[in-house]
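This report walks through a single protein chain.

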Amino acid sequence: MAAARETVPFKARAATRASPAFATLLALVTVAFLLAELALAAAVGDFAGSGLAPVFVTVPFAVVGLVVARRQPDNPIGWLLLVSALLYTVEAAAGLYAVLALDHGHGDLPAVRVAVAVAPFGWMSLILFLPLVILLFPDGHVPSPRWRFVLYGYLAVWAVVLAATFAADLAAFTHRSIRIDSTGELAIFETPTGWYASILHAAIVLYVAFGVSFVVAQAVAYRRATGEHRQQVKWLMLGAAVSIAGLALTITAGGSTPFLRFLGAVGFLAAVALPVGVGFAILRYRLYDVDRLISRTLSYAIVTGLLVGIFAAIVVLTTQVLPFSSPVGVAASTLSAAALFNPLRRRVQRVVDRRFNRARYDAEAIAAAFSARLREAVALEAVQSELLSAVERAIEPASASVWLRPD
């Protein structure tokens, strides 16, 4: 029997007293700030850039946070997702408001300095909450009593960072002239210097260390878990892996060409996989479909990489080695990649299923063996017995029977 998972509750007072109605109120406030942010983005002429980006980040976090907070109000994960969506939206709206006032000739707008001061705290809260979601997953408890001290250390580091940011942010109230970047934040946050830069550099190192330790905690929990909890951790790992890959693609694909911008946008959208995976796991919706999703994601990623490599190799071969023109090489590469797609996908899928979707691989093997034996069977009783045995080993039903239509 697997060892029981020792848990220690970590519930904020607000989370234990919160109600579904309060979660709905937070969601409505988030929608209001999101609409204001879209209107401000249109006013400054950056609707497609600064206007839509917060929508793709806010909506998944807000929707998943709202559903989890309403169904499990004692679970702090729903509130962390919902509050992070709200703060990020407030930050985006405040930044665009500052840009409209200071860079577009509307300096008479009220509370401009307050908007500049608020701007950096939204994305900081989003970065702060995500590791907490991983550590407290899936029920709002830390894995063991010792992890409470790690949690307190993480919160202490962020308390120092937020205090330093607030101290640096006082320039929005004390300086007569304010220099901001394209997002409405003070220029000091774009290129930090002095003591503030030293604090940020140290905080980044500690942030990575804490994040890795939280992931290790979930990996250990996965090895000890069985049944439903094991499937929940798989959902978390799948969402985190897709999000990290998407963010890495966004960072590395930055460029001025349309294709690189498209890759960056795709990577940015992939970041929403984490809250979506967390929502599926906590709500236990289609929980056992995660093995199929993991195998499909891996197989298509491998096939895509192989096809891209084949495409590039054939282009180089036909244009650099053989005396063919560039259009001929591209056409030959495209046809070759299209012809190889299905055979390559089937082979890769079988290899991946053998490792990551064993249930389906075993079921297909049992069905194939049954088909082979069926060709040699002639007695009706033998066929019936073989059929019931194959069904029982493939899908393990509670009961199974065969109905034969009378002559």
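Helix 14 is largely enclosed by the rest of the structure, because eight of its 11 residues are buried. The buried set is Ala273, Leu274, Pro275, Gly277, Val278, Gly279, Ala281 and Ile282. The cut-off for buried is under 20%. Just past the helix, Arg284 adopts a positive phi of about 60°.

The model is predicted. Its chain has an average pLDDT of 75, and 70% of the residues score at least 70. Residues 1-16 fall below 50 in pLDDT; this stretch still makes 35 contacts in the model beyond near neighbours in sequence.

**Aromatic pairs**

How many aromatic pairs does the ring-centre rule give? The count is eight. One of them joins Tyr154 and Tyr207, with 6.4 Å between centres and 35° between planes, a tilted arrangement. Tyr154 sits in helix 8 (residues 147-169) and Tyr207 in helix 11 (residues 194-224), so the pair ties together parts that are 53 residues apart in sequence. The partners differ in cover. Tyr154 is buried, at a relative accessible area of 1%. Tyr207 is partly exposed, at 23%.

Another pair brings in helix 14. Trp235 and Phe280 are stacked, 4.9 Å centre to centre with 10° between the planes. Under 30 degrees is the limit for stacked. Trp235 belongs to helix 12 (residues 227-252) and Phe280 to helix 14 (residues 273-283); the two residues are 45 apart, and the pair links distant parts of the chain. Trp235 is buried, at a relative accessible area of 6%.

| Pair | Centre to centre | Angle between planes | Type |
|---|---|---|---|
| Tyr154 and Tyr207 | 6.4 Å | 35° | tilted |
| Trp235 and Phe280 | 4.9 Å | 10° | stacked |

Which residues make up the aromatic cluster that includes Tyr154 and Tyr207? The members are Trp147, Tyr154, Trp158, Tyr207, Phe210 and Phe214. The helix ranges matter here. An α-helix has 3.6 residues a turn, so residues three or four places apart point the same way.

A charge also meets a ring. Arg230 lies over the face of Tyr222, 4.1 Å from the ring centre.

**Other local features**

Where is the cis peptide bond that runs from Phe137 to Pro138? Pro138 is in the loop between helix 7 (121-136) and strand 2 (141-142). Omega for this bond is near 0°.

Arg350 lies in helix 16 (residues 326-356). Arg350 counts as partly exposed, at 46% relative accessibility. Arg350 and Ser299 are 51 residues apart in sequence, yet their C-alpha atoms are 8.9 Å apart in space.

**The chain as a whole**

The protein chain holds 18 helices and two strands. It has 407 residues, and 39% of them count as buried. Among contacts with a separation of 6 or more, 72% come from residues 24 or more positions apart.

Conventions. Residues are numbered from 1 along each chain as its sequence is written. This is a predicted model: local features need pLDDT of at least 70, side-chain atom pairs count only at pLDDT 80 or more; totals for chains, interfaces and linings use all residues. Side-chain values use heavy atoms; hydrogens and water are left out. Rings of Phe, Tyr and Trp (its six-membered ring) pair if their centres lie within 6.5 Å; planes under 30 degrees apart count as stacked, over 60 as edge-to-face and the rest as tilted. Helices (H or I, at least four residues) and strands (E, at least two) are DSSP runs, numbered from the N terminus. Buried means under 20% relative accessible area, exposed over 50%, partly exposed in between (1.4 Å probe, protein chains only). A charge sits over a ring if NZ of Lys or CZ of Arg is within 6 Å of the ring centre and within 35 degrees of the ring normal. pLDDT is the predictor's confidence in each residue, from 0 to 100. Contact means heavy atoms within 4.5 Å.
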